[in-house]
Amino acid sequence: MLTLYTAPGSCSRASHIALEESGLAFEARLVDFAQGDQRRPEFLAINPKGRVPALVTDQGVLTESPAILAYIAALAPQGLLAPVEPFTLARMQAFNLYLASTVHVAHAHGRRASRWSDDAAAQASMAAKVAQNMRDCFTLIEADLARNGDSDWVMGDAYSVADPYLFTFTGWLEGDGVDVAEFPNVRAHYHRMGRRPAVVRALQAEQTRAA
């Protein structure tokens, strides 16, 4: 049994969706950021970083979304959640790592600016750049999707764990002051994802646990 520690609306949503897609047996446990669960000793014993996602396996704990997504895909090869051909697999990983290392950081400057500065003016300056930085990131992502032509997914015709990861980040745009309508391919992908049964189940589970 896998145990995923997750928080509604966070980047861990992608791992939750991937698990729903995989058919693997798992349990999702809510980490309530509003209540400070991420700083409690019980959770820090699982993930000393104090962040989600964290995936408890019979071999140990995995953290960081790209690693967890790749692990889920490898653990459930019948689900075809990642490319097999090495170069295409590397392209998927490059996409996911861009989301993790660049887009997520751009988003976090709005809500977690205190990670980078204790100065209130500097924090305000960082927050003021979030919309433009996110818009710049999604301009590149929109171009990537446009190159796929009529294909539905990040990697083209084949669905992969890159899709729930993009879906999660797209859901942050409105809160970051960016209209997703600026990016027609991204918006179409977001709505397409929202109709997948695994996505519906994951979102319903988030709402149930958060209630």
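Contact, in these legends, means heavy atoms within 4.5 Å. The structure shown is a predicted model.

Figure 1. Not counting residues up to four places away in sequence, serine 160 touches Leu81, Ala82, Met92 and Met155. The relative accessible area of serine 160 is 1%, so this residue is classed as buried.

**Figure 2. The open four-stranded sheet, with strand order E2-E1-E3-E4.** The pairing within this sheet is mixed. Strands E2 (26-30) and E4 (60-63) each have a single partner strand and stand at the edges, so one side of each is left without a neighbour in the sheet. On average, and with direction ignored, neighbouring strands are turned by 20° against each other.

**Figure 3. Pairing of E3 with E4 and of E1 with E2.** Strand E3 (residues 54-57) and E4 run antiparallel and are joined by four bridges. Within this pair, alanine 54 has threonine 63 of E4 as its bridge partner. E1 and E2, by contrast, pair in the parallel sense, over five bridges. Here threonine 6 is the bridge partner of leucine 30 in E2.

Figure 4. Helix H1 (residues 12-22) touches strand E1 (2-6), E2 and E3, and the direction of H1 makes about 150° with that of E1. Helix H3 (residues 65-75) also packs on the sheet, where its contacts are with E1, E3 and E4. The direction of H3 makes about 120° with that of E4.

**Figure 5. Glutamine 38 in the loop between E2 and helix H2 (41-44).** With a relative accessible area of 12%, glutamine 38 is buried, since the cut-off for that class is under 20%. Leaving aside neighbours within four places in sequence, the contacts of glutamine 38 are Val31, Asp32, Phe33, Phe43, Leu44 and Gly50. Valine 199 lies 161 residues from glutamine 38 in sequence, and the two C-alpha atoms are 24 Å apart in space.

**Figure 6. Backbone geometry at proline 53, glutamate 64 and leucine 80.** The peptide bond from valine 52 to proline 53 is cis, and its omega is near 5°. Proline 53 belongs to the loop between H2 and E3. Glutamate 64, although not a glycine, has a positive phi of about 80°. This glutamate is found in the loop between E4 and H3, and its relative accessibility of 44% makes it partly exposed. Leucine 80 is likewise not a glycine and has a positive phi, of about 50°. The loop that holds leucine 80 runs between H3 and helix H4 (86-111). At a relative accessible area of 63%, leucine 80 is exposed.

**Figure 7. Packing of helix H6 (residues 130-146) against helix H7 (residues 162-170).** The two axes come within 13 Å and cross at roughly 140°. H6 is therefore oblique to H7. This crossing of H6 and H7 is left-handed. Phe138, Ile141 and Leu145 of H6 make the contact with Leu166, Phe169 and Thr170 of H7.

**Figure 8. Packing of H4 against H7.** The axes of H4 and H7 come within 10 Å, with a crossing angle of roughly 20°. H4 is therefore roughly parallel to H7. The crossing of H4 and H7 is left-handed. On the H4 side, the contact is made by Met92, Phe95, Asn96, Leu99, Ala100, Val103 and His104. On the H7 side, the residues are Ala162, Tyr165, Leu166 and Phe169.

**Figure 9. Burial of helix H7.** Nine of the nine residues of H7 are buried, so the helix is largely enclosed by the rest of the structure. The buried residues are Ala162, Asp163, Pro164, Tyr165, Leu166, Phe167, Thr168, Phe169 and Thr170. Among them, Leu166 and Phe169 take part in the contact with H6, and both residues also take part in the contact with H4.

Terms used: Residues numbered from 1 in each chain as written. Predicted model: local features only at pLDDT ≥ 70, side-chain atom pairs only at ≥ 80, totals over all residues. Heavy atoms only, no water. Pairing = 2+ DSSP bridges. Helix = DSSP H or I, 4+ residues; strand = E, 2+ residues; numbered from the N terminus. Axes fitted to C-alpha atoms, helices over the stretch in contact; angles between N-to-C directions. Buried < 20%, exposed > 50% of the residue type's maximum accessible area, 1.4 Å probe, protein only. Parallel < 35°, antiparallel > 145°, perpendicular 65-115°, else oblique. Left-handed = near helix turned anticlockwise from the far one by under 90°.
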